[in-house]
Amino acid sequence: MTYDNVSGRLMDDYSSRMTNTFLSHRMQVSMMKQEEKYNLQIGVNAEPSTTRTVGQMGAARDTSYTVWNFAPSARFDYNFSDNEFLRLFYWGRTSEPSVNQLTPVPDNSDPLYVSLGNPTLKPEFQHRLRMHYDYTDMKTFSTYALMGGFNYTKDDIINASCYDGSGVQYTAPINSDRPVIGGDLMFMVNSQIAKSGFSIMSFTRAAVNSSLSYTGNDTTATTLDEIMDDLIAGRTTTLSVMENLTFVYRNDYLETRLGARASYRKAWYEIASQARSDTWDNSVFAEVTATLPWGMEIATDARYNYYIGYDAGFGEPSLTWNAEISQTFLKKKMTLRLKVYDILNQSRNNYRNTTDNYIEDTYNNTLGQYFIISLVYRFGNFDKMMGGGMRRGPGGPPPHRR
């Protein structure tokens, strides 16, 4: 409710009382077949959803509509052997709009950014397809995994915006008239080198996402109908590629890691011709953990981050260095630990956000330099309760020598 500060009277244009009811059902018919090597499940989903809005005062409107979404569902598991499998699965999901998105009352708490809802919004429906292949070589303790997916969203809820002659931005949610799509592919290798204590881990990921935006060019538009009458749709496509490579050496008392990470990002916008600079987020890192015979453990790690493609004042390189030392007492039941974070006080994060009409470079300072002293007492013996603990592969956690 909004009241006039002078007269104390209720302002109908900026006040509302409404009741929103959203009812969704999910119906599924499926069949399943199980064999020694594979399992197959195929079905069809029907998701009817009804939205009813009753305006009781002010600018709220009475609306009621029903949307039907149909989607097949499927899952396929194939076991080539005990150490090799393939999984494929698909599912669909409905997401209803929120009450705030349905309320057609302007929110002018920020005079330069006025938002209002859309009582005719439909629920959005997302289709998702995923794949996972995994193979483990038991002789070399090497693991290879390939994962990927694709998503397709119908009636995606997107905030449309326009600017009036004085620069005030008006926004309202609408359903997209074109699909929003995206996909990704990942490949992972974790392999021991011969029969030595050395191993290599590699993680590669590529993703493409295509999103829509709606912008109006009518400088007099201030209502929902005026905003929707003059909208221009634009699609932003973003490509990102990342590689993370790590070399590991471990024995009974020492574990070391040395690696590097490179992440590339580029965006295209189908309407505006302004350049979208490529960006690179890169880092090199090292970790050392030493476990001494008398129950002391010393560990340190450092990461150097550097960036390419950011505007001046952003993307400054940084070096983050952490260290810790711990000692066990009382027959290894008590552990005293001291850890220092960000010793050089340089840690921060950089990120670029690309939209239809602007590029935003941001950086965030983290908590900064600090240290923690902890004293832990173990009342029971967890390893014995678990029957000797868990096994680990070449990329698993280091053993604890206590």
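Biologist: Let's start with one residue. Which strand holds Asp184?

Modeller: Before anything else, keep in mind that we're looking at a predicted model. Asp184 sits in strand β12, which covers residues 180-192.

Biologist: Okay, and is Asp184 buried or exposed, and why?

Modeller: The idea is to compare the relative accessible area with a cut-off, and under 20% counts as buried. Asp184 has 16%, so Asp184 is buried.

Biologist: Which side chain does the side chain of Asp184 make a polar contact with?

Modeller: That partner is Arg130, and the distance is 2.9 Å. If you ignore residues up to four places away in sequence, Asp184 touches Arg130, Met147, Gly148, Gly149, Arg205, Ala206 and Ala207.

Biologist: Let me zoom out. How many helices and strands are there in the protein?

Modeller: You'll find three helices and 22 strands. The protein has 402 residues, and buried ones make up 35% of them. As for the surface, the protein exposes about 23,900 Å², with carbon and sulfur atoms supplying 56% of that area.

Biologist: What share of the contacts join residues at least 24 apart?

Modeller: It's 59%, counted among contacts between residues at least 6 apart in sequence.

Biologist: Now the inside. Which residues make up the largest nonpolar core?

Modeller: The general idea is that nonpolar side chains tend to be buried together in soluble globular proteins. Here, the largest nonpolar core has nine residues: Val114, Leu116, Cys162, Val168, Tyr170, Ala172, Ala221, Leu224 and Ile227. Two elements, β11 (169-175) and α2, each give two or more residues to this core. Apart from it there is another core, of six residues, including Ile158, Ile174, Leu212 and Tyr214.

Biologist: Can we pick one member? Which residues is Ile227 in contact with, leaving aside neighbours within four places in sequence?

Modeller: Ile227 is in contact with Leu116, Cys162, Tyr170 and Ala221.

Biologist: And where is Thr222 found?

Modeller: Look at the loop between β13 (198-216) and α2 (224-229), and you'll see Thr222 there. Thr222 has a relative accessible area of 34%, so Thr222 counts as partly exposed. In sequence Thr222 and Tyr163 are 59 residues apart, while their C-alpha atoms are 8.6 Å apart in space.

Biologist: Next, rings. How many aromatic pairs are there?

Modeller: To find a pair, you check how far apart two ring centres are, and they must lie within 6.5 Å. The count comes to 12 aromatic pairs. One of them is Phe80 with Tyr133, which is edge-to-face, at 6.3 Å centre to centre and with 75 degrees between the planes. This pair links distant parts of the chain, since Phe80 is in strand β4 (residues 63-81) and Tyr133 is in strand β8 (residues 124-137), 53 residues apart.

Biologist: What are the relative accessibilities of Phe80 and Tyr133?

Modeller: Phe80 has 35%, so Phe80 counts as partly exposed. Tyr133, at 24%, is partly exposed too. Ring pairs also link Phe80 and Tyr133 with Tyr38, Phe76 and Tyr78 into a cluster.

Biologist: Which residue lies over the face of Phe85?

Modeller: Arg87 does, at 4.7 Å from the ring centre.

Biologist: Where is the place of Lys331?

Modeller: Lys331 is in the loop between β18 (318-329) and β19 (334-341), and Lys332 is found in the loop between β18 and β19 as well. Lys331 counts as exposed because its relative accessibility is 81%. Lys332, at 39%, is partly exposed.

Biologist: Last one: which residues is Val284 in contact with, again leaving aside neighbours within four places in sequence?

Modeller: Those are Gly259, Ala260, Ala302, Arg303 and Tyr304. Val284 lies in strand β16 (residues 279-291). Val284 is partly exposed, with a relative accessible area of 39%.

Methods: Residues numbered from 1 in each chain as written. Predicted model: local features only at pLDDT ≥ 70, side-chain atom pairs only at ≥ 80, totals over all residues. Heavy atoms only, no water. Phe/Tyr/Trp six-rings, centres within 6.5 Å; stacked < 30°, edge-to-face > 60°. Helix = DSSP H or I, 4+ residues; strand = E, 2+ residues; numbered from the N terminus. Buried < 20%, exposed > 50% of the residue type's maximum accessible area, 1.4 Å probe, protein only. Lys NZ or Arg CZ within 6 Å of the ring centre and 35° of its normal. Contact = heavy atoms within 4.5 Å. Areas by Shrake-Rupley, 256 points an atom, 1.4 Å probe, with all protein chains shown as cover. Core = buried A, V, L, I, M, F, W, Y, C linked by side-chain atoms within 4.5 Å. Polar contact = N/O pair within 3.5 Å; in protein donor to acceptor, adjacent residues only side chain to side chain.
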